[in-house]
Amino acid sequence: MPLWVGGVSTSMPEVESLVGYVASVELLCGALAAYGYSVVVGKINIKFIAIVGTTMLLGGNLYSAYIDSINTLFFARAVSGFAAGILLANLNTIIMRTGNADRLFAFSQTSVAVFGIILFGIAPRLMGTYGTSVVFLFIAVVAFLSLISVISLKVASYKDTSAETYHAEIMPSSTGWSLNMVLALLGLGLIFVGSQAAWTYMERMGAAKGYDIKAVGNFLVIGQFLSLLAPIAAVRVSIKFGRLTAITIGVAIYIVILICTSMPVSPVLYPFASLSFQFGTLFVVTSFFGYLAKMDASGKAISSAPAAINIGCALGPGLAGWLIINGGYTQMGYGLILFFVAGLLLTVIAIRRRYSNGSVPS
């Protein structure tokens, strides 16, 4: 998103004020798709959904590469967002149904980091010559390779008794929505309101501390490499100290980053904070996904997680902009810290309620 939003704004300055709404529509369509998937989880063929999702992702990004109006962009990004939402919900559900969810969630998040490194390494160098289409075509190529891979896979029956037995040994199966699930997902959404808001203004906060865009870009690229360590670190902390501790550490990383980037502290701290941001993001996501997979064997919680994240991401930038207008980056920092704390508290309540019978959180 940072690449194509900036690119479209430059190439179509007459619609610059609308491009942010396009990004929000993409995120909200992803949220809608993930929630819709959670409603019918367990009743649909996972391979069919994967094929449909990758096909839509391919088509949406090919269409995006040849946009000629803002209306075209709205439609193309809506299709792409919907595809991404159902693909991630589908993937999370598949991982949850295995006996090795923590490691596979870590692997999936590491894949996200690798993708980011390749995209941010290649696309900006080509955008000067070929424009924003490079970003969309890059994603389209990945979608095409994914489609070939998905078609060739042999997928076992969705109802895997070994997986059900695995989850039954961890905790009783849940067949519907519970207050604990709602609290946990709301907590995740609030955390990502703060996360996306801070990420959106990371470059601007760097400029306020005296760093030019090239320097900030270098920090963020280094941060992508650093984030490769986050998923496995999150799994190790979860196993040794518990998931609540891992989630708390992830949120604490976000808060420290905000203090160093938005508050009136030494500019020397900014590089260390900005290059740690993606590490914190993947740490939180891996820890939270592992928890949601264990708290609910029906798959509703983990398949709804992308919806919670996307809604939070869609609301974050607008909230940050409002806070900046009314009090600058320091005011934004204090406001976002409140969202992080509120999200963590809701998560703590959900976990404590779930284990109120005296068992120990895993």
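Helix H3 (residues 46-64) and helix H4 (residues 70-96) pack with their axes 8 Å apart and at an angle of about 155°, where axes are lines fitted to C-alpha atoms, for helices over the stretch in contact, and angles run from 0 to 180 degrees between N-to-C directions. That angle makes H3 roughly antiparallel to H4, a label given to angles over 145 degrees. By class, their contact has 15 nonpolar, 8 polar and 1 charged residues, with Ala, Val, Leu, Ile, Met, Phe, Trp, Tyr, Cys and Pro counted as nonpolar, Asp, Glu, Lys and Arg as charged, and the others, Gly among them, as polar. H3 passes H4 in a left-handed crossing, meaning that the near helix is turned anticlockwise from the far one by less than a right angle.

This is a predicted model, in which local features need pLDDT of at least 70 and side-chain atom pairs count only at pLDDT 80 or more, while totals for chains, interfaces and linings use all residues. Residues are numbered from 1 along each chain as its sequence is written, and side-chain values use heavy atoms, with hydrogens and water left out.

The loop between H3 and H4 holds Tyr66 and also Asp68. Tyr66 counts as exposed because its relative accessibility is 60%, and Asp68 is exposed as well, with a relative accessible area of 64%; exposed means over 50% relative accessible area, buried under 20%, and partly exposed in between (1.4 Å probe, protein chains only). The C-alpha atom of Tyr66 is separated by 7.0 Å from that of Ser133, 67 residues apart along the chain, and for Asp68 and Met12, 56 residues apart along the chain, the C-alpha separation is 9.5 Å.

For the protein as a whole, the secondary structure comes to 15 helices and 0 strands, taken as DSSP runs numbered from the N terminus, with at least four residues (H or I) for a helix and at least two (E) for a strand. Of its 362 residues, 52% count as buried. Among contacts (heavy atoms within 4.5 Å) with a separation of 6 or more, 82% come from residues 24 or more positions apart.

The largest nonpolar core has 58 residues, of which Leu188, Ile191, Phe192, Phe288, Tyr291, Leu292 and Met332 touch the most other members; such a core is a set of buried Ala, Val, Leu, Ile, Met, Phe, Trp, Tyr and Cys residues joined through side-chain atoms within 4.5 Å. Helix H15 (residues 300-354) gives the most to this core, with 18 residues. A second, separate core of 18 residues includes Met12, Ala23, Phe138 and Ile139.

Ile191 touches, not counting residues up to four places away in sequence, Val251, Tyr254, Val284, Phe288, Phe339, Phe340, Gly343 and Leu344. Ile191 also takes part in the packing of helix H8 on H12, where Ile191, Phe192, Ser195 and Ala198 of H8 meet Val251, Tyr254 and Leu258 of H12. The axes of H8 (residues 179-200) and H12 come within 11 Å and cross at roughly 35°, and the contact has 6 nonpolar, 1 polar and no charged residues.

H12 (residues 243-262) also packs with helix H14 (residues 277-295), their axes coming within 9 Å and crossing at roughly 155°, which means that H12 is roughly antiparallel to H14. Here too the crossing is left-handed, and the contact includes Val251 and Tyr254 of H12 together with Val284, Phe288 and Tyr291 of H14. By class, this contact has 13 nonpolar, 5 polar and 2 charged residues.

Note on methods:
Angles under 35 degrees count as roughly parallel, over 145 as roughly antiparallel, 65 to 115 as roughly perpendicular and the rest as oblique.
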